[in-house]
Amino acid sequence: MRNLIEKPVNTLFLGTDWESVETLKALHQDPRFTIVGVITTIDKPVGRKQIMTPSKVKEYALHSGIEVFHTEKNLDRYQMALDIFKPELIVCKAFGEIVPEFFLNYPIYKAINVHFSKLPKYRGAVPIQKAILEGDKETGISIMIMSAGLDEGDVLKIIKEPILEKDTNQTLRERLVNISAKELGNILDDWINEKITPVKQDSSKATYCWQKDISKENAEIKWNDMEPEYIERLVRAMIPWPVAWCKLDMNTENIYSGKILKLFEVELFKNTSELKPGTLYHKDNMLLLSTKNKDISLRVLQLQIEGKNKISERDFLNGFER
RNA sequence: CGCGGGGUAGAGCAGUGGCAGCUCGUCAGGCUCAUAACCUGAAGGCCGUUGGUUCGAAUCCAACCCCCGCAA
């Protein structure tokens, strides 16, 4: 037994974006853990003006007086990090680099990863988006021991979470981040005190998802191929990036002809329409898009036209075909 | 100087040389059991900025600022 309050665990944190920060913050504020340092990606050019910007994790760490280290995918630098920080535990959330095995095996309490799916389902980079796209009713958080393979390590705990009808990649992610930030400390405590037995994954049941599945290219709506139900899920999965989109028909007379339309929020709407799939029309103060299913349209609640700001259905209709 | 779209009332949009418009919202009043309903009325603009052309510019020309999409 180890009383972590009396003897906090020297922990090294790996992460990059805002969701990593929430996890890092939870551990940093937890007296049972001492964050000896964080490893994150180097500053990158961001936005239209390509301003060099540190990762969110780096920002938080510098602000909180935590030492920051960049490994830059360099094996020597991973070794250097171990020499400097001598971690008893490594915690990883959304780091984005392949981590060498010797690094993972160094800490006595192993390297622990937080993954947003019920492993072995959806191993890989975009499990939340994949679960929404597939129309799953439930997903989860897997706390697992990192191994050389992609999300193949033994699982300490799975926390289940329902996927709500209106959940987007963003709303669901926020919920999972909050839950995992809240629970992680206790789970790690139990793990360190040997109250948890790691469970091997049944690799025969493994499924995978890849970053390239969530791309601008894959966010394009193919009106003649996709069912309305799928498009609705696509819209929710692509929030906040890259956002489901399509090119509006060139033949229409209005000013939006040929422009890119981005869909931020849609819902299925029962209405019979003979219009060509992907045509914008309005009825009873509602903005609708026809689909390949003549009896189901998509009601558009939040949208953005190329060159314009993101607006609501109501705002759009105020200026549409008047 | 990467490519392109745009800046007109609080919001969304018309308006290509001749009095500043539409829909929504806001405010006041009316109608209704009721309303994101309907009726009546009102307020609200340096038409992104600066200069130029013209009898006259939101509109044509030049420069600049800002917003957005694409690309990276």
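These legends describe close-up views of a predicted model.

**View 1. Helices H5 and H6 pack against each other at an angle of about 125 degrees.** H5 covers residues 127-134, and H6 covers residues 169-192. Their axes lie 10 Å apart. The two helices are therefore oblique to each other. Angles of 65 to 115 degrees would count as roughly perpendicular, and angles over 145 as roughly antiparallel. The crossing of H5 past H6 is right-handed.

**View 2. Residues from both helices form the H5 contact with H6.** H5 contributes Ile 128, Gln 129 and Ile 132. From H6 come Asn 169, Leu 172, Arg 173 and Leu 176. Sorted by class, four of the contact residues are nonpolar, two are polar and one is charged.

**View 3. Glu 138 sits in strand S9.** The strand spans residues 138-145. Glu 138 has a relative accessibility of 32%. Glu 138 therefore counts as partly exposed, since that class lies between under 20% (buried) and over 50% (exposed).

**View 4. Glu 138 touches residues from other parts of the chain.** Leaving aside residues up to four places away in sequence, Glu 138 touches Lys 118, Lys 160, Glu 161, Pro 162 and Ile 163. Ile 163 is 25 residues from Glu 138 along the chain. The C-alpha atoms of these two residues are separated by 5.0 Å.

**View 5. A polar contact joins the side chains of Glu 138 and Lys 118.** The distance for this side-chain pair is 2.6 Å. Lys 118 is also one of the residues that Glu 138 touches.

Notes. Residues numbered from 1 in each chain as written. Chains lettered and ligands numbered in written order. Predicted model: local features only at pLDDT ≥ 70, side-chain atom pairs only at ≥ 80, totals over all residues. Heavy atoms only, no water. Axes fitted to C-alpha atoms, helices over the stretch in contact; angles between N-to-C directions. Helix = DSSP H or I, 4+ residues; strand = E, 2+ residues; numbered from the N terminus. Parallel < 35°, antiparallel > 145°, perpendicular 65-115°, else oblique. Left-handed = near helix turned anticlockwise from the far one by under 90°. Contact = heavy atoms within 4.5 Å. Nonpolar A, V, L, I, M, F, W, Y, C, P; charged D, E, K, R; others polar. Buried < 20%, exposed > 50% of the residue type's maximum accessible area, 1.4 Å probe, protein only. Polar contact = N/O pair within 3.5 Å; in protein donor to acceptor, adjacent residues only side chain to side chain.
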